[in-house]
Amino acid sequence: MIDQLHVTRRRRPAADAVALDLTQAVSPAQVSLARRQLGRRGCVVVSEIIPPSLRNAVVTEAVQLADALGVRRDLELAETGFSPRRMSNVMHGLIAEQGVAISQVYESETLLHVLSSIAGEPLFPCPYEPERFVITRLEHPGDTHGWHWDDYGFALVWVAECPDPVDGGFVESIPDTAWDKQRPGIEQILRDRRVHRLDLSAGDVYLMRTDTTLHRVHPIRRGRRTIVNMAFARHDELCRTTTHETMDALWSTPGTE
Ligand SMILES: O=C(O)CCC(=O)C(=O)O
Ligand SMILES: [Fe+2]
């Protein structure tokens with residue numbers, strides 16, 4: 001079902017090349033189980049469909065880039081009810097320029113094919129380049145990626161580092177919710193709806209339906225949490241006019257890409 005994905009280091013001698021393949025079979029049963037959980041909770045762990053060598057290449061690069069290039073953000077964004085973003089991050093342009101594995105994995109047709117089968121619809125690379133992939137790190141007590149929705153339909157999140165769930169860093173999700181940027185109404189949704197919780201460990205990868213799932217990363221109490229978020233678009237998002245207020249504020253993207 002799945003063909004080869006080769007990730008080869010650019011700007012390095014051939015001896016350095018790493019060939020990573022995505023050849024392990026993903027069974028129809030695995031796909032339908034994942035799709036059901038995605039529907040029920042808005043997110044699902046999909047680590048088992050990605051070989052450890054591939055996960056390792058992505059998360060190792062994420063930690064190195066966050067160490068070298070992370071920029072601190074401390075914001076509260078109006079479009080998501082003034083929920084906080086306390087974190088450091090590395091934006092798309094720098095990852096594309098300085099990294100290798102993350103960009104190449106993002107371009108994989110094979111990965112897109114597997115994710116589309118779990119999503120139950122075709123997925124596409126995000127048409128807005130600055131949102132294609134970003135690295136986020138929580139590292140101080142109270143750091144959080146507060147309640148929000150994303151601009152595009154799906155995200156694949158690779159967890160490079162994560163505290164034990166007793167110290168926070170788990171993901172909370174409320175599926176089937178709509179983002180009204182003028183009146184986000186998050187407090188009301190939190191009062192009315194059940195919040196699902198996804199505990200994560202370093203090395204996990206999860207898929208989320210991000211445009212209709214209200215989600216956040218629970219504030220950490222100690223430790224460090226570093227992730228790569230890869231965004232993918234649904235078909236009707238390819239031509240739609242989308243505004244990017246929260247992303248642009250968070251990653252200061254205008255004029256920088
Ligand atoms: O850190 C996570 O697990 C989620 C990140 C996220 O929601 C985002 O980058 O939009
Ligand atoms: Fe998000």
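Guide: Let's begin with a term: a charge sits over a ring when NZ of Lys or CZ of Arg is within 6 Å of the ring centre and within 35 degrees of the ring normal. This is a predicted model, in which local features need pLDDT of at least 70 and side-chain atom pairs count only at pLDDT 80 or more, while totals for chains, interfaces and linings use all residues. Residues are numbered from 1 along each chain as written, chains are lettered from A and ligands numbered from 1 in written order, and side-chain values use heavy atoms without hydrogens or water.

Arginine 197 gives us an example, with its charged end over the ring of phenylalanine 170, 3.7 Å from the ring centre. Lysine 181 places its charged end over the ring of tryptophan 179, 4.6 Å from the centre. Both Trp179 and Lys181 are among the residues lining the second largest pocket. A pocket here is an open set of points on a 1 Å grid over the protein atoms alone, with protein on both sides within 12 Å along at least five of seven lines; a cavity is a set where a 1.4 Å probe fits but cannot get out, and lining residues have an atom within 4 Å of a point.

Let's follow Asp150 to the metal site, our part for today. The iron ion (ligand 2) has three protein donors, meaning N, O or S atoms within 2.8 Å of the metal (3.2 Å for Na, K and Ca), and since water is not among the atoms, sites may look incomplete. The donors are His148 through NE2, Asp150 through OD and His215 through NE2, and they lie 2.1 to 2.2 Å from the iron ion. Along the chain their spacing reads H-x1-D-x64-H. Aspartate 150 belongs to the loop between strand E6 (144-148) and strand E7 (154-161), whereas histidine 215 is in strand E11 (residues 214-217), so this pair ties together parts 65 residues apart in sequence. Such elements are DSSP runs numbered from the N terminus: helices (H or I) of at least four residues and strands (E) of at least two.

The cut-offs are under 20% for buried and over 50% for exposed, with partly exposed in between (1.4 Å probe, protein chains only).

Now for the rings. The structure holds 3 aromatic pairs, in which rings of Phe, Tyr and Trp (its six-membered ring) have centres within 6.5 Å; planes under 30 degrees apart are stacked, over 60 edge-to-face and the rest tilted. Tyrosine 106 and phenylalanine 232 make a stacked pair, 4.9 Å centre to centre with 10° between the planes. Tyrosine 106 is in helix H4 (residues 101-106) and phenylalanine 232 in strand E12 (residues 225-233), so this pair joins parts 126 residues apart in sequence. Both of these residues are buried. Another stacked pair is tryptophan 149 with tryptophan 179, at 6.0 Å centre to centre and 15° between the planes. It links distant parts of the chain: tryptophan 149 lies in the loop between E6 and E7, and tryptophan 179 in the loop between strand E8 (171-174) and helix H6 (186-192), 30 residues apart. Both tryptophans are buried: tryptophan 149 has a relative accessible area of 1%, and tryptophan 179 has 17%. Ring pairs also join Tyr106, Phe133 and Phe232 into a cluster.

Aspartate 176, found in the loop between E8 and H6, has a positive phi of about 55° although it is not a glycine. With a relative accessible area of 61%, aspartate 176 is exposed. Phenylalanine 82 also has a positive phi, of about 60°, without being a glycine; you can find it in the loop between strand E2 (71-77) and strand E3 (83-90). At 54% relative accessibility, phenylalanine 82 counts as exposed.
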